[in-house]
Amino acid sequence: MTTPLPMTEGYLSFRDFKIWYRIIGHEDQSGKLPLLCLHGGPGAAHDYLEPLQEIARSGRRVIVYDQLGCGNSDHPHDPSLWTAELFVEELAIVRKALDLDHLHLFGQSWGGMLAMQYALTKPTGIASLILASAPASMRQWADEANRLRSELPPEVQQILLHHEDAGTTDDPAYVDAMMLFYRRHLCRMDPWPDCLNRTFDQLMRDPEVYLTMCGPSEFHIVGNLKDWDITDRLPEIALPTLITSGRYDEATPAIAATLQAGIPGSTSVIFEESGHEAHLEETALYLHTLNAFLTRVESQCAQELTTP
């Protein structure tokens, strides 16, 4: 039987709100740095990232938190709040409150976008970036998502188009059609794991952040992120970077290729049996790949410190 991992949970203050966090593991072994994980959405919650907690067995802490408007954190209802800048500010506050002076930064989907936006502010103490199924451009995301959408059965495409034109994207028929896309390109497991279902359930209960920043679906991008594009600034990210994507991912291998071409010295890994959630769909291989990358980065850092 696997020994349970030690966990600490609590709340920290951000503006006038409470942000929930969890720390897995007691301390970091010598030479190892904690891993701070940023969930996607925008507007989802940390639950679906639970397999990453196992990284703590390698001797480093793993930290997750629910972004404002998500999961266990406060849910203010004010669409004017929901901007990339707010979440960059929140990330800096989380680091300061939890004394995360030196760390690895993992971001999945929107979390990867947030990690890149934050990296462009040139914060100190970031040893590496892990960008999991994340785009550098929402235009490219929309183009690729709509290419994948064109491969859906014609009757499904017609349902999607009808409700988008009518402004009735909350209709159950639209949601059902969208789920067919998700089961092809978001998570190909059947059934979906409990942690992913919990994330989706909370997102459906309070979709304000997602609707404001993204829109009604992954391919109908009408929110305030619709023009978000940092492709030209990727060369400014001078950090060891691992890029991961699934072969069937809505963040397609073409999207991963854009990141790799832009971020100097970055490494890209495609998981051949996965959609958007490779850490769920190929967990053992994903954890092995992530652990190897973190260890390699720390080994290089140690060599640099000891080289005269």
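Helices (H or I, at least four residues) and strands (E, at least two) are DSSP runs, numbered from the N terminus. The model is predicted, so to speak of local features a pLDDT of at least 70 is needed and side-chain atom pairs count only at pLDDT 80 or more, while totals for chains, interfaces and linings use all residues. Residues are numbered from 1 along each chain as its sequence is written, and side-chain values use heavy atoms, with hydrogens and water left out.

**Stop 1**

Ser245 has Ile270 of E8 as its bridge partner.

**Stop 2: strand E5**

Select 103-108. How many residues of E5 are buried? The count is 6 of the 6, so the strand is largely enclosed by the rest of the structure. Buried means under 20% relative accessible area, exposed over 50%, and partly exposed in between (1.4 Å probe, protein chains only). Show the side chains: Leu103, Leu105 and Gly107 are on one side, His104, Phe106 and Gln108 on the other, and both faces are covered. In a regular strand the side chains alternate between the two faces of the sheet.

E5 has parallel partners to look at. With E3 (residues 35-38) there are 4 bridges, including one that pairs Leu35 with His104. With E6 (residues 126-132) there are 6 bridges, and Leu103 stands opposite Ile126. Bring in helix H2 (residues 110-119) and you have a right-handed β-α-β unit made of E5, H2 and E6. Right-handed here means that, with the strands pointing away from you, the path from the first strand over the helix to the second runs clockwise.

**Stop 3: strand E4**

Move to 62-65. Val62 and Val64 on one side of E4, and Ile63 and Tyr65 on the other, are all buried. E4 pairs with E2 in the antiparallel sense over 4 bridges, while 3 bridges join E4 to E3 in parallel. Click on Val62: it is the bridge partner of Ile24 and also of Leu35.

**Stop 4: two helices crossing**

Select H4 (residues 154-166) and H5 (residues 172-185). Their axes come within 9 Å and cross at roughly 135°. That makes H4 oblique to H5, on a scale where under 35 degrees is roughly parallel, over 145 roughly antiparallel, 65 to 115 roughly perpendicular and the rest oblique. On the H4 side, Val156, Ile159, Leu160, His163 and Glu164 meet Ala173, Tyr174, Ala177, Met178 and Leu180 of H5.

**Stop 5**

Which peptide bond is cis, with omega near -10°? Go to Gly41 and Pro42; Pro42 is in the loop between E3 and E4. Another cis bond joins Asp190 and Pro191, with omega about 5°, and Pro191 lies in the loop between H5 and H6 (194-205).

Next, positive phi in residues other than glycine. Asp99 has phi near 55°, sits in the loop between H1 and E5, and is exposed at 59% relative accessibility. Lys122 has phi near 60°, is found in the loop between H2 and E6, and is partly exposed at 49%.

**Last stop: Ala142**

Finish in helix H3 (residues 138-149), the place of Ala142. Ala142 counts as buried at 16% relative accessibility. Draw a line from Ala142 to Ile221: they are 79 residues apart in sequence and 6.8 Å apart in space, C-alpha to C-alpha.

Key:
Two strands pair if DSSP finds at least two bridges between them. Axes are lines fitted to C-alpha atoms, for helices over the stretch in contact, and angles run from 0 to 180 degrees between N-to-C directions. Contact means heavy atoms within 4.5 Å.
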